[in-house]
Amino acid sequence: MAPSSSPVSQDSLPGFTLSDSVRQLAVDILSELREKFFDGVGVSRETYGESETAAFMLLESYARDAGFEIQWDAARNLIIRLPGQNPELPAVATGSHLDSVPEGGNYDGAAGVVAGLAVLIAVKQTGIPRRSMEVYALRGEESAWFGGPCYFGTRAMFGQLTEDDFQTLHRDGTKTLEDCMRAAGADIDRLKTGAPLLGTSHLAGWLELHIEQGPILTAREKPVGVVTGIRGNHRHRRVVCTGQAAHSGAVPRWLRQDAVLAMADLMVRIDEHWRVLLEWGEDLVVTAGIVETNPKEHAISRVPGEVSFALEYRSQNLKTLQSFEALIQSECDQVAKKRGVRFDLGAAKLTRPATMAPEMIELLEGVCKSQKVPYEVMASGAGHDTSVFANAGIPSGMVFVRNDKGSHNPDETMEFPDFFLATEVLGGAMLAVANDQSEDSK
């Protein structure tokens, strides 16, 4: 694999620029994606739904018009290929996802796919590289539609989908992931064998462009980020705290088994542990969402006997995730004893953290410097498909684009001058790997 043991020489990095016509094409594609999938508030492209499939078909039409090879794999990921001079060599690839959260933004995921297509078009206009170059449009990166699991298309490529994944219910409660994948044309029988759709030896390297989903680049006044690692997460899709329902006026505090107060007590304790761990230098973020009492039972005059909530924590350190899991169980036991309730954490889903390849970080920094692009070296708090590639052993890197107003909301903002700079950094790095002729890349 080209970069893993012999980084591309920083003295021979190729220049890379996008022509005005390629820039305009990228703007047009992203604008068309927004127009087609605007839901009245934001953009909704449903994981393995009709809207996600329609977005894939749109990208395929642009890729065919540009004269590239097209392939759909068994998970209905789309691969766009520019064959190299030596197509038998491992390729260099880029890509991202096309689904969105409900009422989300247009650039989360889609910017990376469009950037990859723009790079291939620009490279084709100037000369065929030594290695093949590929763009992957990946299915089902977002967790919002199926309540926790994510990276479905990418994990399918590496044979990592489980029966639990296939049977995960859609947020509407009427269909499973398997149902949705079948409707989108996926070969479920093939996927259930667990055999990889993509051999790791096929790729010399993987690079993903993505909008930053936080405020760091905006605060630092930098258009581009070079990512060092991606936080993993541990998710409890539905934690249930069960106490005892009672009349709000008739039961005094000392006799109550209030599920909501027990949950609140637990979260205050977890928050304090989080604060201390941050002071100790640990990398950790914690979130509780989807908090609800049973709508058939809750009332203003009723002490709640049950409350459910989601619980997620993220870190770049796998040991931190594992230790925090044990800490949460301990606190659940203590709160349960104190307040006369019980906690059921339910099934947990672990997504492992990922570290970007040092040689890819070095390469991206070198391209930024050679192309005089201001950049920030940073970790990714959000999860990305790249983590699956990296943990599969493929040398991987990520480029962030400055994005105001955060992400997973309709106000998500990306300025096109920043996008073009990041795309040119992506293209320069891909071209360097594609034309690398070091001994270990032959």
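**Aromatic contacts in the predicted model**

The structure holds 11 aromatic pairs. One of them joins Phe 146 and Phe 152, whose ring centres are 5.7 Å apart with planes at 85°, so this pair is edge-to-face. The model is predicted. A pair of aromatic rings is described by the distance of the centres and the angle of the planes.

**Phe 146 and Phe 152**
- Planes over 60 degrees apart count as edge-to-face, and the 85° between the rings of Phe 146 and Phe 152 therefore puts this pair in that class.
- Phe 146 is buried, with a relative accessible area of 0%.
- Phe 152 is likewise buried, and its relative accessible area is 0%.

**Tyr 313 and Phe 324**
- The ring centres of Tyr 313 and Phe 324 lie 5.2 Å apart and the planes meet at 65°, so this pair is also edge-to-face.
- Tyr 313 belongs to strand β11 (residues 306–315) and Phe 324 to helix α11 (residues 318–339), so the pair ties together parts that are 11 residues apart in sequence.
- Tyr 313 is buried, at a relative accessible area of 0%.
- Phe 324 counts as buried at 2% relative accessibility, because the cut-off for buried is under 20%.

**Aromatic cluster**
- One aromatic cluster is formed by Tyr 107, Phe 416, Phe 419 and Phe 420.

**Charges over ring faces**
- Lys 124 lies over the face of Phe 68, at 5.2 Å from the ring centre.
- Over the face of Phe 56 lies Arg 139, at 4.5 Å from the centre of that ring.

Note on methods: Residues are numbered from 1 along each chain as its sequence is written. This is a predicted model: local features need pLDDT of at least 70, side-chain atom pairs count only at pLDDT 80 or more; totals for chains, interfaces and linings use all residues. Side-chain values use heavy atoms; hydrogens and water are left out. Rings of Phe, Tyr and Trp (its six-membered ring) pair if their centres lie within 6.5 Å; planes under 30 degrees apart count as stacked, over 60 as edge-to-face and the rest as tilted. Buried means under 20% relative accessible area, exposed over 50%, partly exposed in between (1.4 Å probe, protein chains only). Helices (H or I, at least four residues) and strands (E, at least two) are DSSP runs, numbered from the N terminus. A charge sits over a ring if NZ of Lys or CZ of Arg is within 6 Å of the ring centre and within 35 degrees of the ring normal.
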